[in-house]
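Please keep the sequence and the 3D view open while reading.

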Amino acid sequence: MPRARKRRRAETVRLLRGAQGLPEYDRGACPDHLLTRRQLRDRNLAKGGHDPVGILRCTRCRYTPQWSCTHPQRGYLYDVRLAVPKRVPTLAQEWALDRAMAARTTCPKCRRRYVYCLPLKTIGSCLECHDGTPADPTTYTLPAAAHRLAA
């Protein structure tokens, strides 16, 4: 029986630096007014619908300065002068998000609301209801007491 041949690595397409149409910057060498999406988020800014104005090269591409970075670790840079402030959600939007998270964090059997999402699709309840594993009391809140007044 003949041996199976090794599969060759897929050929990567090499482009000259800047061939993607955007200027490329190495880490630590980009201008101060260009930020990544995470840096914009940390400053409570959004990209404002604008396209990226540059590419932040990954650390592996610093050894090949003549070639363009095509790795998934590259980051896109946005101009902070074109960025807009983040939208503030309305009270109705916050209420809807809280209800959605309550559905994911509340056990349907014991009605406790945990600080983390429960495995409701696989187990269907919290671990304490499922197999008796005790839950840390600091990780959940008890359900509100039912109204028991006569009037």
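Predicted model: local features only at pLDDT ≥ 70, side-chain atom pairs only at ≥ 80, totals over all residues.

A disulfide is a covalent bond between the sulfur atoms of two cysteines. How many disulfides does the structure hold? The structure holds zero, and Cys126 accordingly is in no disulfide, the nearest cysteine sulfur being that of Cys129, 3.5 Å away. That distance of 3.5 Å can be set beside the cut-off, since a pair of cysteine sulfur atoms has to be within 2.5 Å to count as a disulfide.

Cys30 has another setting: with a relative accessibility of 24%, Cys30 counts as partly exposed.

## Salt bridges and the parts they tie together

Side chains of opposite charge can pair when their charged atoms come close. A search of the whole structure finds five salt bridges, and three of them are described here, beginning with the pair formed by Glu24 and Arg57, whose closest N and O atoms are 3.0 Å apart. Glu24 belongs to strand E1 (residues 24-25), whereas Arg57 sits in the loop between strand E4 (54-56) and strand E5 (75-79), so this pair ties together parts that are 33 residues apart in sequence. Are these two partners buried or exposed? Glu24 counts as buried at 8% relative accessibility, and Arg57 counts as buried at 0%. The pair also belongs to a network of salt bridges, in which Glu24, Asp26 and Arg57 are linked.

Arg113 and Asp98 form another salt bridge, with 3.2 Å between the closest N and O atoms. Because Arg113 lies in strand E7 (residues 113-114) and Asp98 in helix H2 (residues 91-105), the pair ties together parts that are 15 residues apart in sequence. Arg113 is partly exposed, with a relative accessible area of 28%, and Asp98 also counts as partly exposed, at 39%. In the pair of Glu128 and Arg112, the closest N and O atoms are 2.8 Å apart. Glu128 is partly exposed at 29%, while Arg112 is buried, with a relative accessible area of 16%.

## Leu127 in helix H3

Leu127 is found in helix H3, and with a relative accessible area of 44% Leu127 is partly exposed. When residues up to four places away in sequence are not counted, Leu127 touches Gly132 and Thr133. Where does Leu127 stand in relation to Cys107, 20 residues apart along the chain? The C-alpha atoms of Leu127 and Cys107 are separated by 9.4 Å.

## An open sheet of four strands

Four strands make up an open sheet in the order E1-E4-E5-E2, and their pairing is mixed. Which strands are the edge strands? The edges are E1 and strand E2 (34-35), each of which pairs on one side only. E2 is joined to E5 by two bridges, and these strands run antiparallel. Within this part of the sheet, Leu35 stands opposite Tyr78 in E5.

Technical notes:
Residues numbered from 1 in each chain as written. Heavy atoms only, no water. Buried < 20%, exposed > 50% of the residue type's maximum accessible area, 1.4 Å probe, protein only. Salt bridge = Lys/Arg side-chain N within 4 Å of Asp/Glu carboxyl O. Contact = heavy atoms within 4.5 Å. Pairing = 2+ DSSP bridges.
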